[in-house]
Amino acid sequence: MNANIAVLTFVNYQANIECNMKKVFNIRLLAEFLTVIGLINILILYFGTNNANSSTLKKELEDIPIIRPANLFNLEESADTIFNMVQKVGAKAITEVKKTKLKKNESLSVALKRINFQKSEISKIINSISKLQNGRKILSSLPIGMIIDYSNPSMLTGGALKININKTKDIFVWQDINNTYKSQIYLRPTKFEKTLIQCVIENNLYIAALNSGIPVNTILEMISLLGFSVDFQREIKQGDSFEILFTKKIDILSNEIIQTKPITYVSINLSGNKLNFFKFPDEFGLPQYYDENGKSAKRTIMKTPINGARLSSRYGNRKHPILGYTKMHRGLDFAAPTGTPVFAAGDGIVEKAGWNGSYGKYIRIRHTGTYKTAYAHLSKFNKNIRVGKRVSQGKTIGYVGSTGRSTGPHLHYEVIKNNVQVNPMRIKIPSGKNISKSNILSYQNHIKNILKQKNAFQRSTNNKKFAINDYESLKNGS
Ligand SMILES: [Zn+2]
């Protein structure tokens, strides 16, 4: 399974900033601050105020110093071992370090008793932690399974504890040279890492993604993003592939992923059809996804897949014009001259294109696992339309006609949900806005940058492979 997984992980240039938590906090605040300024700018632009004023405002606001909350500002970085922490704080020397986990229904005092701390020491340790900011609260809500690194005190050496209270913080407790127990909260150092994963699918996208080391929440994000255009049940074939570029936040001490950012780029290759989606912020700064042409990844189904036509018959009961009795009309009729182009109502795969009884010349498109659309009484098909062919929304698939049981040229259009016709006017499928004309240039530059990053990842692996060859050629002056 998944023989061809290539996992390329590199520390992004941003990672250096992230190692220092003080700076990170500063940058986050700055980012939030700039977002607010951005919104102010949008408002100013929206209400038509002189643009020059807004940039002056921005300049001025940027110069205001940012005040950081004292508690985070004062926190220092945690270290991987107690020995390093002892050095950091100048604690009394320790000897052997052991490790345990906090058990169910166990308080820290009970755990300390279990790992052979003396009663008097335990009360001094607990007392010291209680005096920390929120110390009592921390002690009363320690997580089960919390890792406790510890060193028992002896005649000549000090006692020490390093407890990992949550994803971001450690508490270190130590004895100073006067044997007084002291404690402090430390931030665990983190870094952001950009990762490119390329993966060939054996038979299941989810399993292939999981096996290639993509975090579960990123996989779910990818599936919901691709779900608008890919039918995972029927469309995934052995040998199809995907690649994904995303950023994860890693705890440097434990090397565990503690957070992931929204996917930067994802591309899936389905039997040679490549679908690409890029993250780009909308006017509110929220991440949205678009294809290379700026079309939203959130696809809907058009209610009117034809231009310049008149709705001549609605969905519901009606007296049938040919049969003469009341019959449920399970679609919409659009009267239009023969030869009027008919569009694909959404992205999908052509499931049927041919004669279909009273429907005459008929096309059915499968959009996702749930939705299909059908087009009947056509005069002819677009010459590129074949069963199994992928079509995109708005593409001409055929032309209005009057084939089959029909009184005159019109398009009979059906939306089929879970194999049952539904009223096309009532369907509610989320649709995203496409990139606006005014944003298309910056979007195109944005995707160029993303692809450049992706290519840089690929080049780095190639560079590693061919480093020796390069060295040889340099030596030979070639
Ligand atoms: Zn009809």
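User: What covers the buried residues of helix H7, to name some of the elements?
Analyst: A word first: this is a predicted model, in which local features need pLDDT of at least 70, side-chain atom pairs count only at pLDDT 80 or more, and totals for chains, interfaces and linings use all residues. Helices (H or I, at least four residues) and strands (E, at least two) are DSSP runs numbered from the N terminus, and contact means C-beta atoms, placed from the backbone, within 7 Å. The cover of H7's buried residues includes helix H6 (108-114), helix H8 (135-140), strand E5 (160-163), strand E6 (169-175) and strand E7 (181-187).

User: Which residues of H7 are buried?
Analyst: Residues are numbered from 1 along each chain as its sequence is written. A residue is buried if 20 or more other C-beta atoms (placed from the backbone) lie within 10 Å of its own, exposed if 12 or fewer, and partly exposed in between. In H7, the buried ones are Ile-125, Ile-126, Ser-128 and Ile-129.

User: Which exposed residues does the face of H7 turned away from its buried side carry?
Analyst: H7 runs over residues 119-130. Turn the model so that you look at the face away from the buried side, and you will find the exposed residues Lys-119, Ser-120 and Asn-127.

User: How far does H7 reach from its first C-alpha to its last?
Analyst: The expected span of a helix is 1.5 Å times one less than its number of residues. With twelve residues, H7 is expected to reach 16 Å, and the model comes close to that, at 17 Å.

User: At about what angle does H7 run to E7?
Analyst: Axes are lines fitted to C-alpha atoms (for helices, over the stretch in contact), and angles run from 0 to 180 degrees between N-to-C directions. Helix H5 (residues 82-89) lies across E4, E5 and E6, at about 110° to E5. H7 lies across E5, E6 and E7, and its angle to E7 is about 45°.

User: Which strands stand at the edges of the six-stranded open sheet?
Analyst: Two strands pair if DSSP finds at least two bridges between them. The six strands follow the order E2-E7-E6-E5-E4-E3, with mixed pairing. Two of them have a single partner strand each, so one side of each lacks a neighbour in the sheet: these are E2 (76-77) and E3 (98-101).

User: Which residue in E4 stands opposite Thr-100?
Analyst: E3 and E4 (residues 147-151) pair in the antiparallel sense over four bridges. Across from Thr-100, E4 places Ile-148.

User: Which residue in the turn between E12 and E13 has a positive phi?
Analyst: E12 (residues 273-281) and E13 (residues 287-290) run antiparallel and are joined by four bridges. Pro-281 stands opposite Pro-287 in E13. The two strands form a hairpin with five residues between them, and the residue with a positive phi, about 80°, is Gly-285.

User: Is Tyr-362 buried or exposed?
Analyst: Tyr-362 has its place in strand E20. Leaving aside neighbours within four places in sequence, its contacts include Lys-352, Trp-355 and Tyr-375. Because 23 other C-beta atoms lie within 10 Å, Tyr-362 is buried.

User: How does Thr-340 count, buried or partly exposed?
Analyst: Thr-340 lies in the loop between E17 and E18. Beyond four places in sequence, its contacts include Ile-306, Gly-308 and Tyr-399. Because it has 19 C-beta neighbours inside 10 Å, Thr-340 counts as partly exposed.

User: What share of the protein chain's residues count as buried?
Analyst: The chain holds twelve helices and 26 strands. Of its 478 residues, the buried share is 29%.

Notes
Two residues are in contact if their C-beta atoms, placed from the backbone, lie within 7 Å.
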